[in-house]
Amino acid sequence: MAGFLERLWQQLSLVWGIATISSYWVWRRIFPVETINRPTIPVLVLGLKGVGKSTILAILTKEFHSETLPPTNGFAIKAVETPSCIISATEIGGSSKLRSHWHRYYHQAYGLIVVVSDSADIDEQLTLLKELLSDQRIVGPRLILLKQQQIGNTKFSQLCDGVENVVQNTSLSSPPFPVIHQVIDGQNFQPSLDNAMKKFGDLLSSTIDPVQSS
């Protein structure tokens with residue numbers, strides 16, 4: 001019974017998420033926020049469960065400063081400000097059940113943030129990254145955030161090498177949108193994260209059609 005209720009809750013969360021995101025962008029097109037000069041651009045934030053997606057968004061929005069946030073069971077939307085645009089970041093949970101529904105959100109976004117970490121299985125993350133970079137349904141620039149959980153961990157070096165190999169050897173979507181990646185670790189977390197988001201925001205605002213960002 002508990003398993004059935006959990007599956008039902010996940011399904012309802014996904015349906016509600018799709019409806020909420022769609023309604024938000026319809027509202028923005030009908031009633032644009034004229035006081036904001038920067039465009040607002042919808043972006044997906046994806047990655048396996050437990051890699052730190054929620055923590056990164058919480059730090060970027062200055063909502064939370066602990067790494068004890070629970071995994072996202074469904075979706076969450078956060079507004080991340082950069083000098084050139086406002087990123088409307090939709091994070092979707094990374095469990096195996098939720099990953100099967102990611103494709104439902106692809107058409108509503110321009111841009112993708114993929115979070116990988118040495119806290120999760122490397123091979124599984126690299127396979128997922130390759131699939132996301134080559135998926136024709138995802139448009140816009142890609143940002144890969146490599147989150148180091150343990151300083152000095154050799155597993156993280158393997159992850160970095162693997163990401164570099166995937167980026168260089170994957171047949172990217174057509175047209176080939178730019179891909180950037182940034183290491184973020186515990187010793188230099190905030191500056192490296194802010195730097196990555198500034199670069200990504202510049203890429204988003206310089207490549208998106210003005211109609212898409214209205």
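Colleague: Is C85 buried or exposed?

Modeller: C85 has a relative accessibility of 0%, so it counts as buried. Keep in mind that this is a predicted model.

Colleague: Where does C160 stand, with its relative accessibility?

Modeller: C160 has 22% relative accessibility, so it counts as partly exposed. The cut-off for buried is under 20%.

Colleague: How many disulfides does the structure hold?

Modeller: The count is 0 disulfides.

Colleague: Let me step back. How many helices and strands are there in the protein?

Modeller: There are 6 helices and 6 strands. Along the sequence they run α-β-α-β-β-α-β-α-β-α-β-α.

Colleague: What share of the residues counts as buried?

Modeller: Of 214 residues, 47% are buried. The protein exposes about 10,900 Å². Carbon and sulfur atoms supply 56% of that area.

Colleague: What share of the contacts joins residues 24 or more positions apart?

Modeller: Take the contacts with a separation of 6 or more. Residues 24 or more positions apart account for 75% of them.

Colleague: Now a single helix. How many residues of α2 are buried?

Modeller: In α2, 8 of the 8 residues are buried, so the helix is largely enclosed by the rest of the structure. The buried residues are K53, S54, T55, I56, L57, A58, I59 and L60.

Colleague: Take A58. Where is A58 placed?

Modeller: A58 sits in helix α2, which covers residues 53–60. Its relative accessible area is 7%, so A58 is buried. A58 and K78 are 20 residues apart in sequence. Their C-alpha atoms are 8.3 Å apart in space.

Colleague: How do I read the packing of two helices?

Modeller: Two packed helices are described by the angle between their axes and the distance between the axes. From α2, I56, I59 and L60 make the contact. From α6, the partners are F189, Q190, L193, D194 and M197.

Colleague: At what angle do α4 and α5 cross?

Modeller: Helix α4 covers residues 122–134, and helix α5 covers residues 154–169. Their axes come within 10 Å and cross at roughly 25°. Angles under 35 degrees count as roughly parallel, so α4 and α5 are roughly parallel to each other. The crossing of α4 and α5 is right-handed.

Colleague: Which residues of α4 and α5 meet?

Modeller: On the α4 side, the residues are I122, Q125, L126, L129, K130 and L133. On the α5 side, they are K155, Q158, L159, G162, V163, V166 and V167.

Colleague: What should I look for in the backbone angles?

Modeller: Most residues other than glycine have a negative phi, and most peptide bonds are trans. Now look at K62. K62 has a positive phi of about 60° although it is not a glycine.

Colleague: Where is K62 placed?

Modeller: K62 is in the loop between α2 and β2, the strand at 75–81. The residue comes just after α2. K62 has a relative accessible area of 65%, so it is exposed.

Colleague: Leaving aside neighbours within four places in sequence, which residues is G94 in contact with?

Modeller: G94 touches G47, L48, K49, K53, R99 and W102. Check T72 as well. G94 and T72 are 22 residues apart along the chain, and their C-alpha atoms are separated by 7.7 Å.

Colleague: On to the strands. Which strand holds I86?

Modeller: I86 lies in strand β3. Its relative accessibility is 10%, so I86 counts as buried. I86 and R38 are 48 residues apart along the chain, with 6.5 Å between their C-alpha atoms.

Colleague: Where is V179 found?

Modeller: V179 is in strand β6, residues 179–184. Leaving aside neighbours within four places in sequence, V179 is in contact with L133, R142, I144, V167 and L172. V179 and G140 are 39 residues apart in sequence and 9.3 Å apart in space, C-alpha to C-alpha.

Definitions and conventions:
Residues numbered from 1 in each chain as written. Predicted model: local features only at pLDDT ≥ 70, side-chain atom pairs only at ≥ 80, totals over all residues. Heavy atoms only, no water. Helix = DSSP H or I, 4+ residues; strand = E, 2+ residues; numbered from the N terminus. Buried < 20%, exposed > 50% of the residue type's maximum accessible area, 1.4 Å probe, protein only. Contact = heavy atoms within 4.5 Å. Areas by Shrake-Rupley, 256 points an atom, 1.4 Å probe, with all protein chains shown as cover. Disulfide = S-S within 2.5 Å. Axes fitted to C-alpha atoms, helices over the stretch in contact; angles between N-to-C directions. Parallel < 35°, antiparallel > 145°, perpendicular 65-115°, else oblique. Left-handed = near helix turned anticlockwise from the far one by under 90°.
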